[in-house]
Protein chains: 4
Amino acid sequence: MKVLISLKTGIYYYYKSKGDFHTKEGYLKEEDLLSEKKVLLSNTNRKFLCFDSNEYDKRLKIKRGAQIVTPKDIGYIISRTGITKNSIVLEAGTGSGAFGINLAQLVKKVKSYEINESHYEIAKKNIENFALKNISLKLGDVCDYIEKEKGIDLLFLDMPEPQIVIEKKLTAVKSGAFIVAYLPSISQIINLLKTTKDKEDLYVEEISEVNVREWKVNDRIARPQFRKEIDHTAFLCFIRKI
Amino acid sequence: MKVLISLKTGIYYYYKSKGDFHTKEGYLKEEDLLSEKKVLLSNTNRKFLCFDSNEYDKRLKIKRGAQIVTPKDIGYIISRTGITKNSIVLEAGTGSGAFGINLAQLVKKVKSYEINESHYEIAKKNIENFALKNISLKLGDVCDYIEKEKGIDLLFLDMPEPQIVIEKKLTAVKSGAFIVAYLPSISQIINLLKTTKDKEDLYVEEISEVNVREWKVNDRIARPQFRKEIDHTAFLCFIRKI
Amino acid sequence: MKVLISLKTGIYYYYKSKGDFHTKEGYLKEEDLLSEKKVLLSNTNRKFLCFDSNEYDKRLKIKRGAQIVTPKDIGYIISRTGITKNSIVLEAGTGSGAFGINLAQLVKKVKSYEINESHYEIAKKNIENFALKNISLKLGDVCDYIEKEKGIDLLFLDMPEPQIVIEKKLTAVKSGAFIVAYLPSISQIINLLKTTKDKEDLYVEEISEVNVREWKVNDRIARPQFRKEIDHTAFLCFIRKI
Amino acid sequence: MKVLISLKTGIYYYYKSKGDFHTKEGYLKEEDLLSEKKVLLSNTNRKFLCFDSNEYDKRLKIKRGAQIVTPKDIGYIISRTGITKNSIVLEAGTGSGAFGINLAQLVKKVKSYEINESHYEIAKKNIENFALKNISLKLGDVCDYIEKEKGIDLLFLDMPEPQIVIEKKLTAVKSGAFIVAYLPSISQIINLLKTTKDKEDLYVEEISEVNVREWKVNDRIARPQFRKEIDHTAFLCFIRKI
């Protein structure tokens, strides 16, 4: 896949297949697109930057069924939980697969459970597109499996009521490893903590939210972007397995 | 290493060596510390949670010479630049090594350059403590080496004037890969952009800052932590190599 | 004026004149609108809350020519500069009049200058609608008048290059009073400070930005509003007159 | 009162009485302090800016018993509720008097109730120091008086359980006027809303928090202040009286 950026409008385009590429700003020829040229001219004489996509671009193109875990949240989970390329991650609530795919590109193994069949089907296709061999996807309730697992370095709970998992025996999760719940509403966090406080092998270490603020900077201007303040997504609850 | 949390004060302690462990809150016996017990009692009858440290804890203990790149920023750089365990990362400005160590735990190879000898010595020891084989540290000016490198998936510039690197030929950085500058002041971003705008093979894709806000939540309270609003660290400039 | 809120959609309507009131959600009868009833039924059987407008509602209806100073910024300027109902405020850059009108409703006297004729005409009408006797509006360059004024408790500069005023003799501004510049870009603040640093009778006391974050709270949900994070408006520079 | 700023350290001093003024940075002579000089030299040859205090400085010196409502919150309440110099404000929970004093300097009349005797005594003295004739302070429970009041343009509830007031008949509050609750925890907001939802004459219009972020800007630097990110204070709940 190649990425094209129109220098006139700043719009990003993604060129996947063979053939000429048509945009509202004109079309680009296949021979240019497949060449080594970095700046292409459309038939309308507009300049487009052209470069190889990287994994970030590919992840942006993931088909969305469920709400997606955003890069700002995925990144903080990665750095805050201490996972490495030797880690095994168990995810409950695959959603569209964005979290699982990103994690699988970094860690040893991702096991993901999804209870909703239509989400499962979408996630399955998204994962196939990335040709990752270290992510296993299962249709089913994580509660039926969690007590049989072992050696988990990160348990990620992307579901409305993570307390149903928290109530199980979590011997699968290593001592010192994290369980992270991802919840849009602080009310859900309050409910979750009613369960954790009775579990002697869990310690709530941090509850936080991550915000990324984009700026516009050039010769004359330096200010936060107008109308681009990034939305609230979710509160993150970092629970340590004792 | 084991981590101890006092249930009375919430203070974290790190038990590295053999022997009893003395704290202001009393001492813990070696035989308890080396046992499988999860809750330990001090001689003063205080309860301490005890569990295996993970990589996050170990990174917290990195000795600091230069200012450290924080987890909130490291995480967003990882997720925003599309790096994977197959990536090669080049870092200019090792500092204390926190960024390089974290990245080396996730990617294929980290090459790090540090021009300041005292930073270099501290970083060297920190890296040794992690026994990582895929991070190479060099004392010297990255400008002398950057044009000879190749296949870089992420070039991280943690230095006051990254434009001196930007002015070089950046053929080492792959098409579609990112160059990320980490700068405390927006004035430094303004200065950097004076250089990037003349480089046809670079495209400034995003300038942003990452903020993590911690919450206090229990049965009766749910509010942002008082006096814990995380400080400004730096602006991140994501530049795409065309 | 009366305010109507549809309980179905949450949309606000403003009923100014006589006659029935037509909305996309049905119409309301004049006899109901002019009665003391607090909950009205439309012909489509929708419930509308009905109550007297207050000055906040009226200010929301100010006709906009120029960009408006927002309540979050106006409020902080009021509380941060120590003005009272005995204060005299001089404003350079009337814009649509929102700031001047709000201030005139609280302080003794507002004198406002606007150099742009079309802004002046819009502001003039807006001010007339509020029937305020303590706000004077003048078409002209504040630089021609500032040295003749006196007894100013707050000088508000809502203009792209406030340094042209700062360069004048500011004897009109009382000792201890504030000059506040309102600037969208931090680059403008940087430029302004190049001028203030040479003025012995000025001291830059605070540069800040005000953000209001709205929440959605009900029985089950408590979270920041999605897609309502309030935009960046401007940086405020509070300069003390020595 | 005069304000002194040390140009060396940036520390603010407040000169209230007669006599020389001693600081850790040296002392200043009475004759200089009472002169028209704007820049004074201490015996240690340090330069101090010297200017008349304004009402903001005086409010900063209010003696604190209870937690104080901050300028950022007071300002937004003023601009968001549409009050003017003709308004009557009723406050429940005087605290140290900071809110009441600031409001009384802008509106027609402030009536303030405080149930805690030690807070009442502190507030009483603070109010006396401002020589305001339009603020009345009463020791007692607002619930005993609220149904006898009338013509209120703003009801400000600075108390842990404002629902005890909300449950009363609020005929004292004008149609279209606001009731504002000031609550540190979002849990308190959730509890409050359980009461408001059963009251047909109340409409929750906005729940928000106000944040002010300070910047450091000079020739070379432009960045948010380190370690000065302003803390969370409270959530504001704006309720409209129908």
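## Interfaces between the chains

Glu209(A) pairs with Arg213(C) in a salt bridge, with 2.6 Å between the closest N and O atoms. A salt bridge here is a side-chain nitrogen of Lys or Arg within 4 Å of a carboxyl oxygen of Asp or Glu. Glu209(A) also forms a salt bridge with Arg213(B), where the closest N and O atoms are 3.6 Å apart.

This is a predicted model: local features need pLDDT of at least 70, side-chain atom pairs count only at pLDDT 80 or more, and totals for chains, interfaces and linings use all residues; side-chain values use heavy atoms, with hydrogens and water left out. Residues are numbered from 1 along each chain as its sequence is written, while chains are lettered from A and ligands numbered from 1 in the order in which they are written.

### Two interfaces of chain A

Chain A touches chain B and chain C. Contact means heavy atoms within 4.5 Å. The size of an interface is often given as the accessible area lost when the parts come together. Buried area is that loss for two parts (1.4 Å probe), summed over both. A polar contact is a pair of N or O atoms within 3.5 Å; within protein, one must be able to donate a hydrogen and the other to accept it, and residues adjacent in sequence count only if both atoms are side-chain atoms. The polar counts below take pairs with both residues at pLDDT 80 or more.

| Item | Chain A and chain B | Chain C and chain A |
|---|---|---|
| Contact residues | 63 residues from chain A, 64 residues from chain B | 23 residues from chain C, 23 residues from chain A |
| Buried area | about 5300 Å² | about 1600 Å² |
| Carbon and sulfur share of buried area | 60% | 51% |
| Salt bridges | six salt bridges | two salt bridges |
| Polar contacts | 31 residue pairs | ten residue pairs |

### Chain A against chain B

The area buried between chain A and chain B is about 5300 Å². On the chain A side, Lys85(A), Trp215(A) and Ile242(A) lose the most area to chain B. Together they give 11% of what that side buries.

The rule finds six salt bridges across this interface. Several elements of chain A supply at least two residues each to the side that touches chain B. Among them are the helices α2 (55-60), α3 (71-81) and α7 (186-196), and the strands β11 (173-183) and β12 (202-217). Helices (H or I, at least four residues) and strands (E, at least two) are DSSP runs, numbered from the N terminus. Which element gives the largest share of this side? It is β12(A), with 13 residues. By type, the side divides into 29 nonpolar, 15 polar and 19 charged residues. Ala, Val, Leu, Ile, Met, Phe, Trp, Tyr, Cys and Pro count as nonpolar, Asp, Glu, Lys and Arg as charged, and the others, Gly among them, as polar.

Nine bridges join β12(A) to strand β12 (residues 202-217) of chain B, and the two run antiparallel. Strands pair if DSSP finds at least two bridges between them. Trp215(A) stands opposite Ile207(B) in β12(B).

### Chain C against chain A

Two salt bridges are counted between chain C and chain A. On the chain C side, α7 (186-196), β12 (202-217) and β13 (222-224) each give two or more residues. β12(C) gives the most, with four residues. This side of chain C divides into nine nonpolar, six polar and eight charged residues.

### How the copies are related

Two copies of a chain are related by a rotation about an axis and a shift along it. Copies are superposed by least squares on the C-alpha atoms of residues with pLDDT of at least 70 in both.

Chain C is superposed on chain A by a rotation of 180 degrees with 0.0 Å of shift along its axis (RMSD 0.0 Å). Here too the same surface serves both copies, and 100% of the contact residues of chain C recur in chain A.

### Within single chains

Over all chains, the salt bridges come to 52. One of them joins Lys58(B) to Glu55(B), with the closest N and O atoms 3.2 Å apart. Both residues lie in helix α2 (residues 55-60) of chain B, three residues apart, about one turn of the helix.

In chain D, Asp158(D) sits in the loop between β10 (152-157) and α6 (163-166). Leaving out residues up to four places away in sequence, Asp158(D) touches Val69(D), Ala92(D), Gly93(D) and Tyr182(D). Val69(D) is 89 residues from Asp158(D) along the chain, yet their C-alpha atoms are separated by 8.7 Å.
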